[in-house]
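Okay everyone, thanks for coming.

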Amino acid sequence: MKIFTSAQIHELDKYTIEHEPIESIDLMERAAKAITHAITEMWHNDTPMVVFAGPGNNGGDALAVARMLAEAGYSISVYLFNISGHLSEDCATNKARLTEIKKIKEFIEVTQEFDPPQLTSETLVIDGLFGSGINKPLAGGFSSLVKYINASPCKVVSIDVPSGLMTEDNTYNVRANIIRADVTLTLQQPKLSFLFAENQMFTGWQKVLDIRISSEGIEKTDAHYNIVEERDVRCMLRGRNSFAHKGMMGNALLIAGSYGMGGAAILATKACLRAGVGKVTVHTPKSNNIIMQISVPEAVILPDSEETIFSEPTDTEDYDALGIGPGLGTSETTAIALIAQLRRTQCPIVADADAINILANRRAWIQQLPKGIILTPHPKEFDRLDGHSTDSGERLAKACKMAERIGAYIILKGRYSALCMPDGHVAFNPTGNAGMATAGSGDVLTGIITALLARGYKQAEACIVGMYLHGLAGDIAAEELGMESLTAGDLITYLPKAFKRLND
Ligand SMILES: NC(=O)C1=CN([C@@H]2O[C@H](COP(=O)(O)OP(=O)(O)OC[C@H]3O[C@@H](n4cnc5c(N)ncnc54)[C@H](O)[C@@H]3O)[C@@H](O)[C@H]2O)[C@@H](O)CC1
Ligand SMILES: Nc1ncnc2c1ncn2[C@@H]1O[C@H](COP(=O)(O)OP(=O)(O)O)[C@@H](O)[C@H]1O
Ligand SMILES: [K+]
């Protein structure tokens with residue numbers, strides 16, 4: 001699913017109006033119907049409702065929704081903020097339509113002074129102050145109103161966007177002046193900023209309402225941001241030839257584990273095998289040899305000459321992919337070996353965890369990484385690599401720049417892991433859940449992506465399929481076990497079911 005910027009949303013609106021064709025006011029009516037329907041499904045008609053409408057089309061939506069709810073028997077008070085004396089055309093039309101009907105409890109047009117109504121825990125506030133047209137942080141009277149609503153015990157449903165939240169970049173926004181909604185009913189597609197962890201407190205529960213924006217327009221518009229969908233992943237999955245033998249299914253090399261962190265190597269190795277690789281070899285310190293042999297008898301172990309750390313690069317000629325980093329440690333010897341390893345490796349690489357931490361301590365090296373390398377940092381690891389970011393938006397922008405600059409695929413891990421590609425595009429992964437916030441989950445992802453690379457998936461596909469399968473395994477595990485007790489090992493156990501669900 002493409003995620004458009006507010007400028008693109010505005011253009012697509014216009015495209016739909018021209019090409020469907022549909023009058024602008026009728027498109028607003030369609031949106032309002034969808035919003036009203038969603039509200040009536042969630043709140044009974046004995047809920048007292050207060051609508052706050054702004055001067056633009058978000059306010060227009062709110063006025064149309066107020067009319068529809070009043071006609072459905074809800075008790076509605078409406079405050080329309082017309083401070084500058086100018087309403088958008090469709091907002092003005094909806095004001096006229098609203099004032100024609102008798103069923104509204106009260107309609108107040110605020111032009112100067114505003115005496116806020118009491119908002120009790122029974123009240124539902126419908127927030128239609130500002131939507132995708134906001135162009136600067138809220139201030140003055142609007143910020144006071146937002147603070148008043150946020151401090152009240154009422155429930156809040158926001159139309160399209162919580163008022164005050166920018167659809168993309170909130171780095172310089174004033175967080176106290178953004179509505180904290182319980183529910184956000186967003187039109188057509190989630191906005192980019194909804195995918196960032198720190199904005200969940202503003203959007204609350206999100207529901208996307210289809211308002212039938214021109215599919216032709218959507219098709220024609222290139223989006224930098226996409227949310228991966230199951231059908232995309234199904235198309236990318238490779239089948240198994242019935243004559244397949246292990247030599248055809250990829251030969252993977254993992255370099256992982258140090259003394260005390262052998263578990264990371266075990267998790268990555270097991271995940272690699274469960275992701276369908278033909279053969280996996282694990283280069284790990286001597287002290288892990290027996291542990292590995294016992295834990296993963298399917299793997300070949302290549303013990304390092306050192307007892308407790310990775311110290312010498314391996315020849316990669318025979319391998320189809322390298323996964324490096326889980327539990328590796330960051331000692332000086334390991335750092336030198338890692339850099340030598342990256343320098344001599346010819347096959348596709350995924351570098352995670354301590355491999356990233358080592359690079360963060362030697363930033364000059366980042367520029368020399370092999371083209372097409374996959375890096376899988378969590379937010380802290382990325383900050384170590386590229387400096388502190390104020391928020392997820394800034395971090396994503398930096399990751400995109402780095403991916404372009406060094407020709408890498410960077411997966412910024414999180415609720416919606418973001419794959420930043422060298423061509424500037426970003427794919428967000430929708431699967432996964434909070435049960436996966438447990439040590440070792442990332443090692444499992446590294447194992448999966450290494451396997452897919454070894455099986456011949458191109459970098460972008462390996463990342464997209466890998467992220468999706470990893471999250472889906474977590475979702476199926478959570479369906480059966482609940483989130484609380486989930487461990488990284490469960491992700492491996494449920495990987496077969498994830499594959500099966502996608503293959504069926
Ligand atoms: N395809 C779509 O997405 C559709 C969008 N519609 C609605 O239209 C909305 C967008 O409407 P608009 O583009 O009119 O924008 P908004 O209604 O979000 O706000 C625009 C108005 O707010 C003013 N403004 C912006 N930032 C401000 C600030 N910080 N302080 C004070 N005033 C500020 C602008 O000057 C303008 O008057 C969407 O959010 C949605 O609710 C629907 O009506 C129909 C279809
Ligand atoms: N709340 C969540 N929702 C979805 N996925 C999550 C969530 N928390 C963690 N994950 C996933 O789990 C993995 C955690 O990786 P990471 O932080 O590197 O863990 P570790 O270093 O312990 O292996 C990432 O792939 C991330 O996307
Ligand atoms: K809003």
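Start in the loop between helix H1 (6-19) and helix H2 (24-42), because that loop is where Pro21 sits. This is a predicted model, by the way. What kind of peptide bond joins Glu20 and Pro21? A cis one, with omega at about -20 degrees.

Next, the backbone angles. Most residues other than glycine have a negative phi. Now look at Asp160, in the loop between strand E6 (155-159) and strand E7 (183-187). Its phi is positive, near 70 degrees, and it isn't a glycine. Is Asp160 buried or exposed? Asp160 counts as buried, because it has 27 C-beta neighbours inside 10 Å and the cut-off for buried is 20 or more.

Ala353 has a positive phi too, near 50 degrees. You'll find Ala353 in the loop between strand E14 (349-351) and helix H12 (354-361). With 25 other C-beta atoms within 10 Å, Ala353 is buried.

Okay, on to the sheet. It's an open one of 11 strands with mixed pairing, and the order goes E1-E9-E18-E17-E16-E15-E14-E13-E10-E11-E12. Which strands stand at the edges? Those are strand E1 (2-3) and strand E12 (300-303). Each has a single partner strand, so one side of each is left without a neighbour in the sheet.

Last stop, inside that sheet: strand E15 (residues 374-375) and strand E16 (residues 409-412) run parallel, joined by two bridges. If you want to find one of those partners on screen, go to Ile374, whose bridge partner in E16 is Tyr409.

Definitions and conventions
Residues numbered from 1 in each chain as written. Chains lettered and ligands numbered in written order. Predicted model: local features only at pLDDT ≥ 70, side-chain atom pairs only at ≥ 80, totals over all residues. Helix = DSSP H or I, 4+ residues; strand = E, 2+ residues; numbered from the N terminus. Buried ≥ 20, exposed ≤ 12 C-beta atoms within 10 Å, placed from the backbone. Pairing = 2+ DSSP bridges.
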